[in-house]
Amino acid sequence: MDNGRRMPTDLILIRHGETDWNRELRFQGHIDVPLNDTGHEQARRLGLALAHEPVRHIVCSDLLRTQQTAAPAAQQLGLPVRTTVTLREQSFGVGEGLRAEEIREKHPEAWDGWLRFEADRSLPGGESTRQFHARAIQALADIAAQYTEGPVLVVTHGGVLDMVWRTVHGLGLDGPRQSDIPNAGINRIRIDDPARPEALVIVGWAETAHLQGLGPQPSYDQRRHLKLG
């Protein structure tokens, strides 16, 4: 019986596969960096892992590393991929393309400010965490509103997943990242009402069984930056 209530939308969220800049711990942001060999293998395994999932749609960031990650799954599932700029990583402005040590050397004042990890601070030319959070959560809400028949495979970036984790756990937007977000890991969320995306639910997080044997991933721990001063 139809009671007028919509069904929840299940989203399978994927952080893109590894890039050389992940390995070098460079700030990628909006720069279009391709997957490296490990990243392509992660994407291949991801496609096989998702081959029998009841995915109905695929949406990904418009950056190359997410499109390359989505491609094997799209082939396995026989689905087209829609891209959107709204799923991009956070913009890091003058820090993009640089390692933490290089930002500290080239832009010391900006780096000191960024190390406070305050919601309304950003590197010059970049997005604050608050701006990024609003964009990322709205992007997921828009997907849930458009694709009422899920699940939807969403291939995006580590920062977007961090915003999801913070939202669900009520962590606020200040402070460094606290969640485990592996490249090409499988994360599952449910959005009951696109008008209230802040009420989303995590169903599964950081599934990596399909990546076993590939070796350790680069460790992106924002807290390590605090040691640089």
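**Entry 1: the whole chain**

I began with burial: of the 229 residues in the protein chain, 50% are buried. I note that the model is predicted.

I then listed the secondary structure and found seven helices and six strands. Read from the N terminus, the order is β-α-α-β-α-β-α-α-α-β-α-β-β. I checked the radius of gyration next. It is 17 Å, close to the 17 Å from the globule rule for 229 residues, so the chain is as compact as a globular protein of that length. I also took the extent of the C-alpha trace along its principal axes, which is about 60 × 40 × 25 Å.

For contacts, I looked at pairs at least 6 apart in sequence. Of these, 74% join residues at least 24 apart.

**Entry 2: surface and charge**

I looked up the accessible surface of the protein chain and got about 10700 Å². Carbon and sulfur atoms account for 48% of that surface. I counted 26 positive and 30 negative charges, and their mean positions lie 2 Å apart.

**Entry 3: helix 7**

I turned to helix 7, residues 158-169. I tested its length. Twelve residues at 1.5 Å a residue should span 16 Å, and the end C-alpha atoms are 17 Å apart, which agrees.

Is this helix enclosed or open? I found ten of its twelve residues buried, so helix 7 is largely enclosed by the rest of the structure. The cut-off I used for buried is under 20% relative accessible area. The buried residues are G158, G159, V160, L161, D162, M163, V164, W165, R166 and T167. I kept in mind that an α-helix has 3.6 residues a turn, so residues three or four places apart point the same way.

What do the buried residues of helix 7 pack against? I noted two helical and strand neighbours by name: helix 6 (129-146) and strand 1 (9-15) are among them. Strand 4 (152-156), strand 5 (186-191) and strand 6 (201-207) are also packed against. Just after helix 7, I saw that G170 takes a positive phi of about 60°.

**Entry 4: H57**

I picked H57, which lies in strand 2 (residues 57-61). Is H57 buried, exposed or partly exposed? I read its relative accessibility as 26%, so H57 counts as partly exposed.

Which residues does H57 touch, leaving out those up to four places away in sequence? I listed L79, Y147, E149, P151, V152 and L153. I followed up P151, which is 94 residues from H57 along the chain. The C-alpha atoms of H57 and P151 are separated by 7.1 Å.

Definitions and conventions. Residues numbered from 1 in each chain as written. Predicted model: local features only at pLDDT ≥ 70, side-chain atom pairs only at ≥ 80, totals over all residues. Heavy atoms only, no water. Helix = DSSP H or I, 4+ residues; strand = E, 2+ residues; numbered from the N terminus. Buried < 20%, exposed > 50% of the residue type's maximum accessible area, 1.4 Å probe, protein only. Contact = heavy atoms within 4.5 Å. Expected span 1.5 Å × (residues − 1). Rg over C-alpha atoms; globule rule 2.2 N^0.38 Å. Areas by Shrake-Rupley, 256 points an atom, 1.4 Å probe, with all protein chains shown as cover. Lys, Arg positive; Asp, Glu negative; His and termini not counted. Charge placed at Lys NZ, Arg CZ, Asp CG, Glu CD.
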